[in-house]
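My notes follow the order in which I looked things up.

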Amino acid sequence: MKTITCYLDFISPYAYLAFEALPQALQGVSHRVVYKPVLFAGLLAHWGNKGPVEIPPKRGWTYAHCLWIARRHGIPMQLPAGHPFNPLPLLRLSIALGNTPEVIDRLFAFVWRDGKLPSASAEWQGLLDELGISSAQLEADAVKATLKANGEQAIAAGVFGVPTTIIGNDQFWGVDATDMLLARAAGDAFFTSPEYRRAFALPVSLQRKGSAGDR
């Protein structure tokens with residue numbers, strides 16, 4: 001049985017789409033998925049990167065692209081009332097409830113199928129009541145420590161974005177890497193090939209300077 005580690009953040013529409021696609025893609029593969037919520041913003045800060053919706057021309061494209069993927073694959077999707085938002089309550093809630101597939105599905109649904117946000121007090125309290133947990137439980141030191149540890153483990157593994165799934169030492173970023181992940185899980189020889197190894201050792205031939213005007 002293969003262990004697949006999946007790093008995700010509920011702020012990401014691509015993470016939602018990947019979560020929906022993963023079970024069907026892995027049918028017929030003996031596997032166990034371990035879900036690890038991480039703070040996407042923490043990964044961006046560590047690697048000095050920006051999220052797609054922080055780049056103005058990319059913002060609308062990201063939402064439209066995700067809606068298109070959802071429509072094409074029959075995945076229900078509704079954009080939330082605002083985005084980006086603070087995902088910490090959702091991340092902590094998932095950890096407090098054990099990160100089961102059922103919990104993660106419900107939290108993704110809250111944002112990306114129902115279009116709700118954890119900042120909407122009545123709707124958020126309704127979700128907490130439904131799941132039988134109090135907001136105070138989300139502030140537990142153990143919950144916060146687990147979220148921090150997940151982020152540290154992700155960075156140590158070279159994770160730079162969400163969703164990222166890992167099998168062995170191989171990682172797969174984004175919903176569009178699902179087929180590649182499936183090939184790796186099925187033992188495709190590509191992942192032991194010289195070409196694959198060379199992709200991670202290719203030398204840098206030119207370093208971009210600090211501004212677009214530099215040459």
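This is a predicted model: local features need pLDDT of at least 70, side-chain atom pairs count only at pLDDT 80 or more; totals for chains, interfaces and linings use all residues.

F108 is buried, with a relative accessible area of 0%. I then looked for its ring partner. The rings of F19 and F108 have centres 5.6 Å apart. Their planes stand at 40 degrees, so I log the pair as tilted. F19 sits in helix α1 (residues 13-25), while F108 sits in helix α5 (residues 101-112). The two are 89 residues apart, so I checked the cut-off for burial on F19 as well: F19 has a relative accessible area of 9%, under 20%, and is therefore buried.

The structure holds 11 aromatic pairs.

Next came the core. The largest nonpolar core has 57 residues. L8, F10, L17, L90, L93, F108 and W124 touch the most other members. I picked L90 and listed its contacts, leaving aside neighbours within four places in sequence. L90 is in contact with F10, F85, L107, F110, V111, P118 and W124.

Then I turned to the sheet. What is the order of its strands? I read β2-β1-β3-β4 for this open sheet of four strands, with mixed pairing. β2 (31-37) and β4 (170-173) stand at the edges. Each has a single partner strand, so one side of each is left without a neighbour in the sheet. The twist averages 20 degrees from one strand to the next.

Seven bridges join β1 to β2, and the two run parallel. L8 stands opposite P37 in β2. Is T5 buried or exposed? T5 counts as buried, at 18% relative accessibility. Beyond its neighbours within four places in sequence, T5 is in contact with V34, K36, T164, T165 and I166.

My last stop was helix α7. The helix lies across β1 and β2, and it runs at about 115 degrees to β2. I155 is found in α7 (residues 141-156). I155 is partly exposed, with a relative accessible area of 23%. I155 touches L43, H46 and W47, not counting residues up to four places away in sequence. I also checked I155 against Y16, 139 residues apart along the chain. Their C-alpha atoms are separated by 21 Å.

Methods
Residues are numbered from 1 along each chain as its sequence is written. Side-chain values use heavy atoms; hydrogens and water are left out. Buried means under 20% relative accessible area, exposed over 50%, partly exposed in between (1.4 Å probe, protein chains only). Contact means heavy atoms within 4.5 Å. Two strands pair if DSSP finds at least two bridges between them. Axes are lines fitted to C-alpha atoms, for helices over the stretch in contact, and angles run from 0 to 180 degrees between N-to-C directions. A nonpolar core is a set of buried Ala, Val, Leu, Ile, Met, Phe, Trp, Tyr and Cys residues joined through side-chain atoms within 4.5 Å. Rings of Phe, Tyr and Trp (its six-membered ring) pair if their centres lie within 6.5 Å; planes under 30 degrees apart count as stacked, over 60 as edge-to-face and the rest as tilted.
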